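Thanks, everyone, for making the time this morning.

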Amino acid sequence: MEITIPTVLKTLSASGSAAKSITVWWKQSKGDSRALIGELKDNLLYLDMVVTDGVPLDDVVDKLSVAEYKRLSKEGFNFNKLKKSKVAKYPSLQGTDLAKLGGKETEELIVSIYDKINEISIKFPHLGYNKKYRWGVRASNIRKRIWLLLKHVGS
């Protein structure tokens with residue numbers, strides 16, 4: 001499966017770079033932020049196994065988690081405190097599914113990531129490998145959103 005990666009995200013797409021970046025971010029964080037980042041890291045690792053290592057989605061779908069995100073949402077956590085500025089409108093995102101996220105608040109990017117993880121967690125167990133759903137592409141798209149979040153908070 002050939003997935004185009006915007007230039008701005010190329011360094012994070014390299015083997016292990018995103019995991020290292022998210023680990024650094026996690027170590028620098030505290031409390032609720034740290035819990036959310038840890039959950040994102042785990043989800044990224046599971047999605048990496050699906051996309052890069054050929055692990056079947058049904059082997060990891062029950063391990064994908066939205067629990068911390070839902071808890072924090074319920075408690076009124078301000079996701080914009082992870083990074084107060086808006087996502088940059090990187091030129092290399094133009095023409096990609098990530099283009100619409102440029103100029104958005106950090107919270108909107110996080111909601112986008114978790115909406116897609118939640119959708120896979122709900123639909124995949126019931127629909128399986130239905131040809132109508134390209135689960136590998138969906139997993140890759142979530143990874144790209146997480147990479148964009150890493151690029152955003154690191155800038």
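When I speak of packing or touching, I mean contact, that is, heavy atoms within 4.5 Å. The helices I name are DSSP runs of H or I with at least four residues, numbered from the N terminus. This is a predicted model, in which local features need pLDDT of at least 70 and side-chain atom pairs count only at pLDDT 80 or more, while totals for chains, interfaces and linings use all residues. Residues are numbered from 1 along each chain as its sequence is written, and side-chain values use heavy atoms, with hydrogens and water left out.

Let me begin with α6, which runs over residues 106–127. Its 22 residues reach 31 Å from first C-alpha to last, close to the expected 32 Å, where the expectation is 1.5 Å times one less than the number of residues. Just after α6, G128 takes a positive phi of about 55 degrees.

Which residues of α6 are buried? With buried meaning under 20% relative accessible area, exposed over 50% and partly exposed in between, for a 1.4 Å probe and protein chains only, they are T106, L109, I110, S112, I113, Y114, I117, I120 and F124. These buried residues pack against α3 (31–53), α4 (57–60), α5 (67–74) and α7 (135–154).

That brings me to the nonpolar core, defined as a set of buried Ala, Val, Leu, Ile, Met, Phe, Trp, Tyr and Cys residues joined through side-chain atoms within 4.5 Å. The largest one has 41 residues, and I113 and Y114 have the most contacts inside it. Two or more residues each are given to this core by α2 (17–28), α3, α4, α5, α6 and α7, and the largest share, nine residues, comes from α7. Leaving aside residues up to four places away in sequence, I113 touches L40, I142, R145, I146 and L149.

Turning to α2, its buried residues are A18, A19, I22, T23 and W25. Why do they lie on the same side of α2? Because they cover an arc of only 165 degrees around the axis, taken from the directions from the helix axis to the C-beta atoms. The face turned away from that buried side carries the exposed residues K20, K27 and Q28.

Finally, K63 lies in the loop between α4 and α5, and it counts as partly exposed because its relative accessibility is 41%. Again not counting residues up to four places away in sequence, K63 touches N43 and Y46.
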